[in-house]
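Here is a fold to take apart by definition. Each answer sets a value against a cut-off and then concludes.

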Amino acid sequence: MSERHPIIAITGSSGAGTSTVTRTFSNIFRREGVNAAIIEGDSFHRYDRKEMKLRGADAEKNGNKHFSHFSDENNLFGEIENLFKTYSQTGQGKSRKYLHNAEEAAPYKQEPGTFTPWEDLPQQTDMLFYEGLHGAVVTPEHNIAQYPDLRVGVVPVINLEWIQKLWRDKHQRGYSTEAVTDTILRRMPDYVNYIVPQFAHTHVNFQRVPLVDTSNPFISRDIPSADESVVVIRFANPKGIDFQYLLNMINDSWMSRANTIVVPGGKMEIAMQLIFTPFVWRMMERRKRALGLA
């Protein structure tokens with residue numbers, strides 16, 4: 001953790017909805033005049049799309065049916081850890097982009113599924129913002145979770161997470177239901193071993209819970225809407241959280257435990273604004289004091 005160079009990490013599985021949290025933070029940064037260096041977790045995959053497919057095919061031939069993007073062998077955990085450490089100390093580091101589709105790839109004149117070259121982060125940023133699969137990973141070799149000043153988990157109930165992944169991969173990436181199902185099954189051991197343990201290290205978790213039947217996510221025609229959901233928000237340390245203020249500001253919300261508030265699904269973004277804006281204020285105030293600017 002660093003007062004001079006704070007880090008925020010959003011972590012969640014593929015299809016969890018981390019992009020919603022990122023959009024909310026982008027709005028907070030813009031409104032509060034925060035210059036954040038944005039890091040995409042997919043840029044720390046070890047292999048590009050073609051190489052990953054080849055290695056996956058080889059792994060299956062050799063009897064490994066659980067080769068996935070979630071594991072340590074297919075990600076650059078050391079580089080994420082080094083980026084967080086370096087940024088926390090100096091405000092600098094290197095990053096790149098993973099180009100998911102033709103639209104993202106066009107400005108770089110590269111193929112989709114490839115990486116841009118590594119580049120230095122912009123100068124004079126106020127904080128680092130990471131969104132991806134591994135923002136709070138702890139393994140025997142690496143401790144990424146020790147560096148972010150704020151760690152946020154996005155964890156829909158599993159059937160909803162699968163529905164969101166199925167819808168995205170089918171409608172936005174052109175995959176079949178069978179292909180997405182195979183990916184879900186193949187990733188399950190690494191999901192349990194690498195994704196789930198991170199949520200013991202997060203400061204705040206957001207879990208969307210549908211209020212409609214999602215018992216068979218593989219035949220669902222659409223994603224349950226926000227109005228058909230509630231969001232369970234759990235604080236690892238509730239000290240300093242003004243729950244009464246949140247209850248007053250968010251209609252139809254309630255406390256389910258001493259550290260947990262439940263809000264209507266349609267109020268998730270306003271809840272994030274109310275919760276995270278003070279976090280950002282405090283980070284910026286500490287940064288200014290540490291730099292002698294306050």
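Two strands pair if DSSP finds at least two bridges between them. The model discussed here is predicted.

Q: What makes S1 and S7 a pair?
A: Pairing takes at least two bridges. S1 and S7 have five bridges, in the parallel sense. Therefore they count as paired. One place to look is Ile 7, which stands opposite Leu 128 in S7.

Q: How do you know that S1 also pairs with S8?
A: The cut-off is at least two bridges. S1 and S8 (residues 150-154) share four bridges, so the pair qualifies, in the parallel sense. Ile 10 stands opposite Val 152 in S8. Thr 11 stands opposite Gly 153 in S8.

Q: What joins S8 to S9?
A: Three bridges do, and the two strands run parallel. Val 152 has Val 204 as its bridge partner in S9.

Q: In which sense do S9 and S10 pair, parallel or antiparallel?
A: Antiparallel, over seven bridges, with S10 covering residues 229-235. Val 204 has Phe 235 as its bridge partner in S10.

Q: Why is the pairing of the eight-strand sheet called mixed?
A: Strands of a sheet pair through backbone hydrogen bonds, either parallel or antiparallel. Here S1 and S7 pair in the parallel sense, whereas S9 and S10 pair in the antiparallel sense. The sheet is open, with the order S2-S7-S1-S8-S9-S10-S12-S11.

Q: What makes S2 and S11 edge strands?
A: Each pairs on one side only. From one strand to the next, the twist averages 20°.

Q: Which strands does helix H1 lie across?
A: H1 (residues 18-32) lies across S1, S2, S7 and S8. The helix runs at about 160° to S7.

Q: Why is S1 called mostly covered?
A: Buried means under 20% relative accessible area. Five of the five residues of S1 are buried, so the description holds. Ile 7, Ala 9 and Thr 11 point one way from the strand, while Ile 8 and Ile 10 point the other way. All are buried. S9 (residues 204-210) is mostly covered too, with five of its seven residues buried.

Q: How do you know that the span of H3 agrees with its length?
A: H3 covers residues 77-90, which is 14 residues. At 1.5 Å a residue, these should span 20 Å. The end C-alpha atoms are 20 Å apart, so the two agree.

Q: What puts the buried residues of H3 on the same side?
A: The buried residues are Phe 77, Ile 80, Glu 81, Leu 83, Phe 84, Tyr 87 and Ser 88. Their arc around the axis is only 160°, which places them on the same side of H3. Residues three or four places apart in an α-helix point the same way, because there are 3.6 residues a turn. What covers the buried residues of H3 includes S1, S2, S3, S7 and helix H6 (177-195). Just after H3, Gly 91 takes a positive phi of about 75°.

Q: What makes a set of residues a nonpolar core?
A: The residues must be buried, of nonpolar type as listed for the term, and joined through side-chain atoms within 4.5 Å. The largest such core has 35 residues. Those with the most contacts inside it are Ile 8, Phe 25, Phe 206, Ile 233 and Phe 276. Helix H8 (residues 268-290) gives the most to this core, with 10 residues. Apart from it lies another core, of 18 residues, among them Leu 76, Tyr 87, Leu 128 and Tyr 194.

Q: Why does Arg 282 count as partly exposed?
A: Buried is under 20% and exposed is over 50%. Arg 282 has 36% relative accessibility, so it falls in between. This residue lies in helix H8.

Conventions: Residues numbered from 1 in each chain as written. Predicted model: local features only at pLDDT ≥ 70, side-chain atom pairs only at ≥ 80, totals over all residues. Heavy atoms only, no water. Expected span 1.5 Å × (residues − 1). Buried < 20%, exposed > 50% of the residue type's maximum accessible area, 1.4 Å probe, protein only. Arc of directions from axis to C-beta. Contact = heavy atoms within 4.5 Å. Axes fitted to C-alpha atoms, helices over the stretch in contact; angles between N-to-C directions.
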